[in-house]
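User: I want to learn how to read a few features of a model. Please give the general idea each time, then the case at hand.

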Amino acid sequence: MILKPYAADPSYSIGRQYNETKSKFRNDFQRDRDRIIHSSAFRRLEYKTQVFVNHEGDMFRTRLTHSLEVSQISRGIARTLNCHEDLAEAIALAHDLGHTPFGHAGQDSLNACMKSFDGFEHNLQSLRVVDFLEQRYADFDGLNLTFETREGILKHCSLKNARNLGQVGERFIKKQQPSLEAQLVNHADEIAYNNHDIDDGYRSGVLEYNALMDVSLFKECAELVKKDYPKIDEARRIHETIRRIMYKSISDICETSETNLNESNPKTIDEIRTLPKLINFSEEMSQKQLELKKFLRCFLYEHERVVEMTDNAKEIVKDLFDYFLSNPSKMSESFQSKSTKDEARAVADYLAGMTDRYAIKTHKEIS
Ligand code: MG
């Protein structure tokens, strides 16, 4: 790994909350990644919905396969820009650990339930998972990750919450940026879901090829495929098109960001934090990504089949929340707590940690 001076460097890490002896064989970011992979929250991603509810079919993305795709894209971009691949990988694998069951519907529903208890933010929840909720180590709660990984996990945060988070929340108050590794994972996340949602949407029958041709990025790539392979079937044509969209998007981000880095010529990661965001799509590609996102929102995420599925999920989350708030002793022991305010948070932690199928099973039991 050849690192530029502005890349994150584990030897100069701001460090972990609890001091630990350094590993002889792994750098601190590798260690973070390994802890994330061995966490129970990570394994549970396998049974959490990305867009299609987990039991709809075995061929759709789950939060786990989504996270793996984000990590693959992140590593590629990090390597091209000579940033720290291990850090990018750790952030990518952890970025969705705080997601509720049933995708965004689950999160919206839990947020609504938590309205009078400071709300629920999935990003903040991912940080709670790695800071407190994982209970595996003798010396501390959580995974005791480095500051840099935690900084990357906390993608958004309300100002109110930022004030309670100490150093990791400061950048939201000072309006600063995180490391380049964190910035690039955000974009890798976007590239991953835009593309795999086309794929899942098409295979589910919700999105049609002809409708996708209204999206300029899709159309220009599909036309290249048609020219090179006029006779292949539609499913292969879609896949070849997605490949090209990913290639174009990733190339664009690498080239644009490289130009930005050359222009502002930052010398350290601390400078990166004070400069405007340097990992970006070109203006033209940003517009195209936005168009694709809007298309997916209208024709996939808000499609009646998806909405019907998610409406049902919202009910489940609400019922479970009401039930456990009135019956906290029915939760797993580690989630039970004392004060009223913390009780709601404990219920949110408990619910957010559930897989789709566990939530459905529990819902059946209480109804
Ligand atoms: Mg994601």
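Analyst: Start with burial: Phe 324 counts as buried, at 2% relative accessibility. Buried means under 20% relative accessible area, exposed over 50% and partly exposed in between (1.4 Å probe, protein chains only). Tyr 323 is partly exposed, at 22%. This is a predicted model, in which local features need pLDDT of at least 70 and side-chain atom pairs pLDDT 80 or more, while totals for chains, interfaces and linings use all residues. Residues are numbered from 1 along each chain as its sequence is written, and side-chain values use heavy atoms, without hydrogens and water.

User: How do Tyr 323 and Phe 324 pair?

Analyst: Rings of Phe, Tyr and Trp (its six-membered ring) pair if their centres lie within 6.5 Å; planes under 30 degrees apart are stacked, over 60 edge-to-face, the rest tilted. The structure holds seven aromatic pairs. Tyr 323 and Phe 324 form an edge-to-face pair, with 5.1 Å between centres and 80 degrees between planes. Elsewhere, Tyr 18, Tyr 137 and Phe 140 make up one aromatic cluster.

User: Which residues coordinate the magnesium ion?

Analyst: Donors are N, O and S atoms within 2.8 Å of the metal (3.2 Å for Na, K and Ca); water is not among the atoms, so sites may look incomplete. Here the ion is coordinated by His 66 (NE2), His 95 (NE2), Asp 96 (OD) and Asp 189 (OD), at 2.1 to 2.7 Å. His 66 lies in helix H3 (residues 63–80) and Asp 96 in the loop between H4 and helix H5 (103–113), 30 residues apart. Helices are DSSP runs (H or I, at least four residues), numbered from the N terminus. Both His 66 and Asp 96 are buried.

User: Why is helix H1 described as largely enclosed?

Analyst: Eight of the 10 residues of H1 (residues 28–37) are buried, so the rest of the structure largely encloses it. Among the buried ones are Arg 31, Asp 32, Arg 33, Asp 34 and Arg 35. Their cover includes helix H2 (40–44), helix H4 (85–94) and helix H7 (147–153), counting contact as heavy atoms within 4.5 Å.

User: Which residues have the most contacts inside the largest nonpolar core?

Analyst: A nonpolar core is a set of buried Ala, Val, Leu, Ile, Met, Phe, Trp, Tyr and Cys residues joined through side-chain atoms within 4.5 Å. The largest has 54 residues, and Phe 52, Leu 180, Leu 184, Ile 198 and Phe 218 have the most contacts inside it. Helix H10 (residues 180–203) contributes the most, with nine residues. Ile 198 touches residues including Leu 207, Phe 218, Ile 242 and Leu 296, leaving out those up to four places away in sequence.

Note on methods: Helices (H or I, at least four residues) and strands (E, at least two) are DSSP runs, numbered from the N terminus.
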